[in-house]
Amino acid sequence: MRTALIAGNWKMHLTEKQAVTLTRKLLWVQNQMPVRGVEVLLCPPFTALSQLHKLLVGSTIKLGAQNMSAEVEGAFTGEISPLMLAEFCSYVIVGHSERRAIFGETDALINRKVKNAITHSLIPILCVGETLAEKESGKAHQVVYAQMIEGLKEVPIFSANQLVVAYEPVWAIGTGWTATPQESNALIAATIRPALVRLFGEQVANGVSVLYGGSVKPDNARGFFQQPEIDGALVGGASLDADSFRGIIEAARNCS
Ligand code: PEP
């Protein structure tokens, strides 16, 4: 049984103060009406991690970062190392399509980040997904498979709970369009799961949680969570609103 995970990627939104307000609202609802069997993760900007860590002590809500350096320490101005994140976070998003497209991150760099995260006991959420042009030219499977194999090359994991994969079709991120739940499930079954099997063997591969990401909202979430290969969601826009994010968490109830 894979655990359902609902992760909020706040991107470059919210000051520390705003992040605390949103987290307090989420905590309040979670304490009043806990949703069991669903792991909830918040990935705020780096500047809010310390405060949110204090706020979340004793709660079931986990913290993650949105990015991380491939280095550990040294003269890398502006970078944040896994050693720094490990004080606050249990997860880190790696290879988000915005990092690939805007900041030129390659599969080779993403692979170094994944390894660096695992070495420092952070769980990487590796994002993979095709662009619209790749989808339209029938290359989605090929592109995603290559991102998996290159991004996870020689990654030393021994157990399934050391890694999460997020399938995020690039054309569905922040656009309001979604892949259909069936389409996403089929791609994961035909591409992501076989890549995991090739890399880590059947037993580990079958235990790795795979999330869907791309314009998930409370009213479309359930359709994704009912798919056997989809274990949760990576949520951008809708995670910035407490009611919407809570609606998605509730949709995951009983679907795990
Ligand atoms: C994301 O940023 O990973 C994402 C899926 O964004 P949105 O939910 O806004 O499409």
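**Exercise 1. Classify Thr15: is Thr15 buried or exposed, or partly exposed?**

Step 1. Take the cut-offs: buried means under 20% relative accessible area, exposed over 50%, and partly exposed in between, with a 1.4 Å probe and protein chains only.
Step 2. Thr15 has 44% relative accessibility, so Thr15 counts as partly exposed.
Step 3. Helices (H or I, at least four residues) and strands (E, at least two) are DSSP runs, numbered from the N terminus.

This is a predicted model, where local features need pLDDT of at least 70, side-chain atom pairs count only at pLDDT 80 or more, and totals for chains, interfaces and linings use all residues. Residues are numbered from 1 along each chain as its sequence is written, and side-chain values use heavy atoms, with hydrogens and water left out.

**Exercise 2. Describe the largest pocket.**

Step 1. Start with the method. On a 1 Å grid over the protein atoms alone, a cavity is a set of points where a 1.4 Å probe fits but cannot get out; a pocket is an open set with protein on both sides within 12 Å along at least five of seven lines; lining residues have an atom within 4 Å of a point.
Step 2. Give the volume, which is the space filled by probe spheres set on the points, with grid points joined across faces, edges and corners. The largest pocket holds about 450 Å³.
Step 3. List the lining: there are 14 residues, and Lys11, Met12, Gln66, Arg99 and Phe103 lie nearest the centre. Helix α4 (residues 97-103) gives the most, with three residues.
Step 4. Sort by class. Ala, Val, Leu, Ile, Met, Phe, Trp, Tyr, Cys and Pro count as nonpolar, Asp, Glu, Lys and Arg as charged, and the others, Gly among them, as polar. The lining has six nonpolar, five polar and three charged residues.

**Exercise 3. Which residues line the largest cavity?**

Step 1. Find the volume: the largest cavity has about 40 Å³ of space.
Step 2. Name the lining: Leu26, Val29, Gln30, Val40, Ile61, Arg246 and Ile249.
Step 3. Assign the elements: α1 and α11 each supply at least two residues, and α1 has the largest share, three.
Step 4. Sort by class: five are nonpolar, one polar and one charged.

**Exercise 4. Compare helix pairs by angle.**

Step 1. Axes are lines fitted to C-alpha atoms, for helices over the stretch in contact, and angles run from 0 to 180 degrees between N-to-C directions. Under 35 degrees counts as roughly parallel, over 145 as roughly antiparallel, 65 to 115 as roughly perpendicular and the rest as oblique.
Step 2. Take α1 and α11: their angle is about 40°, with axes 10 Å apart. These helices are therefore oblique to each other.
Step 3. Take α10 (residues 218-225) and α11 (residues 242-252): the angle is about 25° and the axes are 8 Å apart. α10 and α11 are therefore roughly parallel.
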